[in-house]
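Subject: Handing over the structure

Hello,

Here is the structure I promised to pass on to you. Please open it next to this email, and then read on for what was found in it.

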Amino acid sequence: MIEVTGLTRRFGTITAVDRLSFSVAPGRVTGFLGPNGAGKSTTMRMILGLDRPTEGIATISGVPYAELEHPFRTVGALLEERSVHPGRTAYDHLLFLAQAQRLPRRRVEEVLGLVGLGDVAGRRAKGLSLGMGQRLGIAAAMLGDPEVLLLDEPVNGLDPEGVLWIRNLMKELAGEGRTVFVSSHLMNEMAVTARHLVVIGRGRLLADCPTSELLARGSEGSVRVVSPDAARLAGILRSEGATVGTAAPEPPDTTDLGARDTTGALSVTGLGCAQIGRLAAAASIELHALHPRRLSLEDAFMELTADSGDLTTLPRHDDDRMTDRSCRA
Amino acid sequence: MNLQLVETSEQWDDRRIGFGQVMLAEWTKIRSVRSTTWSLVAFVVASVALSAGLCALIVANWSAAQGGGEPARVLADPTDFILGNGTALGQLAVCVLGVILITSEYSTGTIRASLLAVPGRASLLLAKAFVFATILLVLAEVVAFASFLVGSAVLHSRAPVSLNDPGVTRAVIGAGLYLAVLGPFSLAIGAIVRHTAGAILVVVGLVFGSVVLDHLVSGGWEAYLVAALPQQAGSLIYQAHPHPGQLLSAWQGFGIFCGWTVVLLAVAAALLGRLDP
Ligand SMILES: Nc1ncnc2c1ncn2[C@@H]1O[C@H](COP(=O)(O)OP(=O)(O)OP(=O)(O)O)[C@@H](O)[C@H]1O
Ligand SMILES: [Mg+2]
């Protein structure tokens, strides 16, 4: 259980975290979302006692981090920045942490095996790849078999297999009744891992709700239709009660040539792919694309953070968009 | 993936985490970085080699240099000649190592991992200082005794000196003590400044700059001020005989040097507690 009450952090004139209050319950993965610079890492560092709050308090299992009797057995953390000396081996890095926490040496080997670094235990950190470094950080977080896990962007630098691995690890840990609090900038990554979301923008709390609720806000989807006979098709669809508009051009980085072509592209709401396809076939109208565009979690997120100002211009990631590309005529 | 623990955490030691655990961790940190270990080995070898080498050199050139200042100086205080050179080199090594021990934690980010494991920030710094000082004490005493034994054997025909002569044993032990305290002294400055280059500049300036000042100042209250500077005060402990006009006794000087170190460590601990890593 993590509890944050009125947490505020100012850096000079910047208010990085602004009167933030929320709690993270055990037994589920809670996602911590926010655009770059929203204050996620700062919040996590304050929970861990690494940053001093300007105001407010953060507690883990009821006490501030600094007052925990066995910190690593209560909470394990993966920080955003690397925190390993490049000249120290993975084993020795974990060993000194274990020693400082009165944890048995055997546990070091155990967590190294757990994250799949058993073979490179004796390698110095400068010789570890980005993903291996990330795994070492996760090993450190797991060292004390903690009740609470705080992971700041854990999928950073991991390959698809690693991403899947961390996803399952988090779910499994939450399934054991632990508190898992994970920040990410991959919105749709959160859609598949987190059951609950805490969303912040410019340091302020924007949402604290189940993931399904946030997804529901974006469930009112549209269908993108491309046809050389768009005007006629639009008339037919309108007569069936649909709302038809001109589809916005796709972002220029898209690799799909059909999608880039905006001539004859329609955005249809109120009818599904199947109904539109059937109506077009009945009228012998040629279709070049039929593409359902359910609002993704990212879209819902963008909508949610739109008011929080200039920080919402997030770069869109191709892997994020894949989910609403999956069904295409 | 196997999440099953080989043992359950219930079997773990539930006793409170004490200073001993933190010191053990600091020991592991020091010994596990190769450059630190090699620097310590180099410090021992180079210090002894320099002391012995310079003794051999002065003996070899004794007759040629006779009548000049150097042999006279060696004759007047052979201990100072034997210990002075090695310690001068050794103190540079210790200053740099002491600084890097903590500034590298900042530059590599290890400080964040360290502070998560040891949320009591003062105890992290104190454990580091204590472990480093202990290692240095052992190594620097080895250096001091080895330098003296080799050096006095080499000088024997020209300027005989033994541990039984007045003040000599204290001076030899003192050379080790001085370097052992210089470690945490530099560490504290490293912890205050937090940047390697800046901190080395401050330490070297404080330690070596005072030698220059000593030559500039003669008498008056300024002389007392210079005498109380860390290196001026601390170095008295490895001089067998007081200099003419020396304002402090060997142990007074060493006490002042320890005082400097304690104050700097306290400032560093306070800053570590107040500032974010
Ligand atoms: N030490 C610092 N000094 C000054 N400003 C800081 C400091 N640390 C963070 N900030 C500012 O605080 C704000 C929040 O930063 P933070 O790193 O917490 O964001 P974040 O949500 O983790 O972003 P990202 O998704 O990019 O990791 C930013 O505007 C950042 O510039
Ligand atoms: Mg961040």
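Does Thr193(A) count as buried or exposed? At 5% relative accessibility, Thr193(A) counts as buried, where buried means under 20% relative accessible area, exposed means over 50%, and partly exposed is in between (1.4 Å probe, protein chains only).

Before the rest, a word on how to read everything. This is a predicted model, in which local features need pLDDT of at least 70 and side-chain atom pairs count only at pLDDT 80 or more, while totals for chains, interfaces and linings use all residues. Residues are numbered from 1 along each chain as its sequence is written, chains are lettered from A and ligands numbered from 1 in the order in which they are written, and side-chain values use heavy atoms, with hydrogens and water left out.

Back to Thr193(A). This residue belongs to helix α7 of chain A, residues 187-193. Helices (H or I, at least four residues) and strands (E, at least two) are DSSP runs, numbered from the N terminus. The Thr193(A) side chain reaches the backbone oxygen of Glu189(A) at 2.5 Å. That is a polar contact: a pair of N or O atoms within 3.5 Å, where within protein one must be able to donate a hydrogen and the other to accept it, and residues adjacent in sequence count only if both atoms are side-chain atoms.

Next, the ligands.

Ligand 1 has 13 residues around it, and those that come nearest are Gly37(A), Lys40(A), Ser41(A), Thr42(A) and Glu80(A). Here a residue is near a molecule or strand if one of its heavy atoms lies within 4 Å of it. Helix α1 of chain A (residues 40-47) gives the largest share of this shell, with 4 residues. Sorted by class, the shell has 4 nonpolar, 5 polar and 4 charged residues. In this sorting, Ala, Val, Leu, Ile, Met, Phe, Trp, Tyr, Cys and Pro count as nonpolar, Asp, Glu, Lys and Arg as charged, and the others, Gly among them, as polar.

One of its oxygen atoms is 2.8 Å from a polar backbone atom of Gly37(A). An oxygen atom of ligand 1 is also 2.7 Å from an N or O atom in the Ser41(A) side chain, and for the side chain of Glu80(A) the distance is 2.6 Å. On its own, ligand 1 has 630 Å² of accessible area, and the protein covers 65% of that; such areas come from the Shrake-Rupley method with a 1.4 Å probe, and for residues only the protein chains shown count as cover.

Which residues coordinate the magnesium ion (ligand 2)? They are Ser41(A), through OG, and Glu80(A), through OE, at 1.9 to 2.4 Å. Donors are N, O and S atoms within 2.8 Å of the metal (3.2 Å for Na, K and Ca), and since water is not among the atoms, sites may look incomplete. Ser41(A) lies in helix α1 of chain A and Glu80(A) in the loop between β5 (75-78) and α3 (90-100), so the pair ties together parts that are 39 residues apart in sequence. Ser41(A) is buried, at 13% relative accessible area, whereas Glu80(A) is partly exposed, at 38%.

Now please turn to chain B.

Chain B has 12 helices and 0 strands. Its C-alpha trace spans about 80 × 45 × 30 Å along the principal axes, and 48% of its 277 residues count as buried.

Cys95(B) is buried, with a relative accessible area of 2%, while Cys258(B) is partly exposed, at 24%.

Ser284(A) has a positive phi of about 55° although it is not a glycine. Ser284(A) sits in the loop between α11 (273-282) and β13 (289-293) of chain A and is exposed, at 63% relative accessibility. Arg194(B), also not a glycine, has a positive phi of about 70°. Arg194(B) is in the loop between α8 and α9 (196-216) of chain B and is buried, with a relative accessible area of 13%.

Enjoy exploring!
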